Amino acid sequence: MPQVEELAALIARFAPTDGVYDTAIPRLKVVRLSQPSEPMHGLHEPALCIIAQGAKQVILGDQIYRYDAAHCLIVSLDLPVIGQVIEATPDEPYLCVKLELDPAAIGALMLEAPPLADRELSPGPGLTVSPMTPTLRDAVIRLTSLLEAPADIAVLAPLLEREILYRLLTGEQAARLRQIAVAESKLQQVNRAIAWIKRNYRSPFSVEIVAAEARMSASALHQHFKAVTAMSPLQYQKQLRLQEARRLILANARDAASAGFEVGYESPSQFSREYSRLFGAPPRRDVARLRSAEAAFSN
């Protein structure tokens, strides 16, 4: 598949060693990994992810989404996920390009793209995998190739980003993309709830408070929040707390008790129990395993 090979060569050129690289093109990143990764917990922001080589899986709730060069991943709001590169070798590394989705640009295009019927605007999972199309891949190749012509980026990158968004807005995920930019869509109401939880995740809260922020009833929030994120608002809060605690322990050398307290846990035993349930091991053992894997990978 010449298109796939061309995109892989571009990514490899601007991601010469393993890692995630920002580029001179706003919102565009390139990724390279030469071996399968550990499952990594994180908050995935709205983005289009296109693989040129290798494969990856992303877990949201109890659903597993696998994608490769024949598919693309679309994430429409901030979601706590588990990501894992599952196919990569030194000779054929995992190569991916990620374009963060800009709600303002999507909104501007919606004025020109064909309208959708109301029934197409019902909320669905905020993370989906779709087949790649030659037209979408071609636009991504042309955007990425601008990295070879830096003087052209300021003028041409916005046009090519616009083309990519247009392809998405007229494809099978059109309804989900359009909801990103519609202020009173169910997705945006859930997004308001998510933004509130992200600001206040350290503190206890009631679903009624979050529902008021989302401008929905508590029952409607629970229904639509779970449809979009595959979890309840309280489960979402718990994921944020535990991911931040893990970061504090790993990056800032905090002990488990102080990290748990900082993210809102009052009981060290409850923190350790919930940490083990999410990450598969108590804090000390989990962090030791991560550091050992990181050291082995760097060598």
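Strand 5 (residues 55–60) is mostly covered, with five of its six residues buried; buried means under 20% relative accessible area, with exposed over 50% and partly exposed in between (1.4 Å probe, protein chains only). Helices (H or I, at least four residues) and strands (E, at least two) are DSSP runs, numbered from the N terminus. This is a predicted model, where local features need pLDDT of at least 70, side-chain atom pairs count only at pLDDT 80 or more, and totals for chains, interfaces and linings use all residues. Residues are numbered from 1 along each chain as its sequence is written, and side-chain values use heavy atoms, leaving out hydrogens and water.

**Strand 5 and its partners**
- Strand 5 runs antiparallel to strand 6 (residues 63–68), and six bridges join them; two strands pair if DSSP finds at least two bridges between them.
- Gln57 has Arg66 as its bridge partner in strand 6.
- These two strands form a hairpin with two residues between them, and Gly61 in the turn has a positive phi of about 60°.
- Strand 5 also pairs with strand 8 (residues 79–87), again in the antiparallel sense, over five bridges.
- Here Val58 stands opposite Gly83 in strand 8.

**The nonpolar core**
- The largest nonpolar core has 86 residues; such a core is a set of buried Ala, Val, Leu, Ile, Met, Phe, Trp, Tyr and Cys residues joined through side-chain atoms within 4.5 Å.
- Helix 4 (residues 150–169) gives the most to this core, with seven residues.
- Leu127 is among the residues with the most contacts inside the core, as are Leu48 and Tyr94.
- Beyond its neighbours within four places in sequence, Leu127 is in contact (heavy atoms within 4.5 Å) with residues including Val58, Leu60, Tyr65 and Val81.

- Helix 3 (residues 134–145) has twelve residues and reaches 16 Å from its first C-alpha to its last, close to the 16 Å expected at 1.5 Å a residue; the expected span is 1.5 Å times one less than the number of residues.
- Among the buried residues of helix 3 are Leu136, Ile141 and Leu143, and their cover includes helix 1 (2–14), strand 4 (47–53) and helix 4.
- Helix 6 (residues 186–200) has 15 residues and reaches 21 Å, close to the 21 Å expected.
- Its buried residues include Leu187, Arg192 and Trp196.

**The annotated domain**
- An unreviewed UniProt entry places "domain: HTH araC/xylS-type" at residues 191–289; annotations may be inferred rather than shown by experiment, feature names are shortened, and positions follow the numbering used here.
- Over residues 191–289 the chain is 77% helix and 0% strand, with its end C-alpha atoms 34 Å apart.
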